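Colleague: I should like to learn how to read a structural model. May we begin with the idea of burial?

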Amino acid sequence: MENLESLGYSPWFKNRIDADKIAIHDVARVISVHKDSYVIAKGFGEVFAELSGHLTYTANSASDLPTTGDWVYADFYDDDTHAIIHGVISRKTLLKRKTSGKLVDFQLIAANIDVAFIVQSVDYNFNLRRLERYLVMVHEGGITPVVLLSKCDLVPEDEVNKIKKSVLSITPQATVTAFSNLSGENIDAIKNSLLLGQTYCLLGSSGVGKTTLLNSILGSNQFATQSVSKKESKGRHTTTSRELIQLGNGAMLIDTPGMRELGNMSMDAGMEETFSEILALSQNCKFSNCSHTNEKGCSILAAINEGELSEQRYKNYKKMKNESEFNEMSYSEKRKKDKDFGKLIKSTLKSKNR
Ligand SMILES: Nc1nc2c(ncn2[C@@H]2O[C@H](COP(=O)(O)OP(=O)(O)O)[C@@H](O)[C@H]2O)c(=O)[nH]1
Ligand SMILES: [Mg+2]
Ligand SMILES: [Zn+2]
């Protein structure tokens with residue numbers, strides 16, 4: 001095996017390798033995903049790859065196909081100039097969301113991320129309710145969140161501290177760091193927090209300074225940011241796809257384009273972890289089937305009344321819970337229809353062949 005460790009290959013993955021598959025295939029990591037192709041690496045250099053027919057046709061949902069950060073079984077050809085991907089290796093973590101629009105399905109964002117940087121700028125972009133949405137997604141994926149408050153050069157320091165406090169009030173365990181690409185504040189601290197062999201990703205609305213941060217970390221203007229005009233950015237990377245970038249110190253970082261919609265579906269662990277105190281409160285309600293709307297002895301209503309729980313936070317929790325349940329229901333209905341349709345085709349084919 002070549003230099004897989006430099007791409008983050010660890011015992012966790014090694015222990016989950018299929019012995020039969022490793023006997024015939026190589027292991028590689030997905031660097032980026034394009035329309036019908038992939039770029040993968042198994043150490044040095046990046047290789048253009050496609051999916052095997054078997055993998056394409058046996059995939060039941062988006063989750064069965066590789067995404068950026070995935071470890072895959074692959075065969076390399078012609079002096080490692082192209083490759084075929086045969087399967088996805090068990091994922092340690094997975095970041096996904098509901099596809100935007102009415103269609104109820106998953107979209108994979110990235111796999112095997114160790115730490116997710118949720119970036120919000122301290123100016124107009126800052127929003128605790130949106131932050132909760134990101135936290136649910138990140139917790140659901142089994143990923144450690146770190147909150148980065150960007151553009152702290154734009155507001156006075158005491159304002160930044162207030163914002164920091166409000167973030168800690170909803171996610172006390174998370175690391176929260178304010179920084180500025182402009183003044184350089186805390187750029188070195190963020191850089192030094194990136195560990196060898198670990199994979200990080202940048203999440204957050206478009207325009208908050210994610211790609212500029214990536215450039216600050218790299219110490220070069222390798223990736224085009226929004227301030228660069230379309231003409232200027234010709235031939236340079238823009239954040240349209242998700243790409244795994246190897247940093248000088250052996251850490252890896254995935255920059256993502258801004259997501260306008262952050263839909264949730266079947267987010268159980270993510271909801272529980274993000275809103276743990278609400279769940280704990282609900283267990284103290286007098287009635288086990290308490291709807292927390294008007295019942296006497298409702299701990300949640302009491303906590304809101306006493307100012308211990310923010311009403312907006314509880315409303316956001318309820319909204320996301322309803323949304324998640326609704327989406328999950330639509331999804332399972334859709335899956336059932338797809339299955340029935342598949343059965344219908346199969347039985348039609350059978351009777352034809354008879
Ligand atoms: N004031 C200020 N502006 C910044 C900072 N970082 C980025 N910007 C600007 O914010 C805009 C969006 O930056 P970009 O990195 O493309 O955001 P992205 O969409 O999150 O990747 C650009 O015009 C940047 O110059 C910062 O620390 N302070
Ligand atoms: Mg960007
Ligand atoms: Zn209650």
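Modeller: A residue is buried if 20 or more other C-beta atoms lie within 10 Å of its own, exposed if 12 or fewer, and partly exposed in between. This is a predicted model, and in it Asp80 has 17 C-beta neighbours inside 10 Å, so Asp80 counts as partly exposed.

Colleague: How many residues of helix α4 are buried?

Modeller: Of its 13 residues, 10 are buried, so α4 is largely enclosed by the rest of the structure. Among them are Leu131, Tyr134 and Val138, together with Glu132 and Arg133. Just after α4, Gly142 has a positive phi of about 80°.

Colleague: Which residues come nearest to ligand 1?

Modeller: Gly209, Lys210, Thr211, Thr212 and Thr225 come nearest, out of 19 residues around ligand 1. Helix α7 (residues 210–218) supplies the largest share of this shell, three residues.

Colleague: What is the average pLDDT of the chain?

Modeller: The average is 88, and 89% of the residues score at least 70. Over residues 228–238, however, the pLDDT is below 50. Where pLDDT is low, the predicted coordinates should not be read in detail.

Methods. Residues are numbered from 1 along each chain as its sequence is written. Chains are lettered from A and ligands numbered from 1 in the order in which they are written. This is a predicted model: local features need pLDDT of at least 70, side-chain atom pairs count only at pLDDT 80 or more; totals for chains, interfaces and linings use all residues. A residue is near a molecule or strand if its C-beta atom, placed from the backbone, lies within 6 Å of it. Helices (H or I, at least four residues) and strands (E, at least two) are DSSP runs, numbered from the N terminus. pLDDT is the predictor's confidence in each residue, from 0 to 100. Two residues are in contact if their C-beta atoms, placed from the backbone, lie within 7 Å.
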